[in-house]
Amino acid sequence: MEVLERGQQLEAEGKSIIHLEIGEPDFSTAPHICEAAHMPSMPAIQPTHIVRGYPNSER
């Protein structure tokens with residue numbers, strides 16, 4: 001809550017503050033950030049391999 005109080009103090013002084021310390025922001029996430037968040041799950045970017053373990057452990 002200390003961050004919220006400081007933000008409110010700065011607003012009272014006339015500063016423009018975007019509050020991210022509590023709740024949800026009032027703007028959308030930029031498209032390039034959303035795309036980057038999905039990149040690791042894309043097969044072309046992050047290939048997966050079948051790992052069968054050590055050959056002598058198979059029965």
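Author: Helices (H or I, at least four residues) and strands (E, at least two) are DSSP runs, numbered from the N terminus. This is a predicted model, in which local features need pLDDT of at least 70, side-chain atom pairs count only at pLDDT 80 or more, and totals for chains, interfaces and linings use all residues. Residues are numbered from 1 along each chain as its sequence is written, and side-chain values use heavy atoms, with hydrogens and water left out.

Reader: Is Phe-27 buried, partly exposed or exposed?

Author: Buried means under 20% relative accessible area and exposed over 50%, with partly exposed in between (1.4 Å probe, protein chains only). Because its relative accessibility is 45%, Phe-27 counts as partly exposed.

Reader: What share of the residues of the protein counts as buried?

Author: The protein has 59 residues. In H1, Leu-4, Gly-7 and Leu-10 are buried. For the protein, the buried share is 5%.

Reader: Within what arc do the buried residues of H1 fall?

Author: The buried residues in H1 are Leu-4, Gly-7 and Leu-10. They line one face of the helix, because seen down the axis of H1 (directions from the helix axis to the C-beta atoms) they fall within an arc of 125°.

Reader: Which residues are exposed on the other side of H1?

Author: An α-helix has 3.6 residues a turn, so residues three or four places apart point the same way. On the other side of H1, the exposed residues are Glu-2, Glu-5 and Ala-12.
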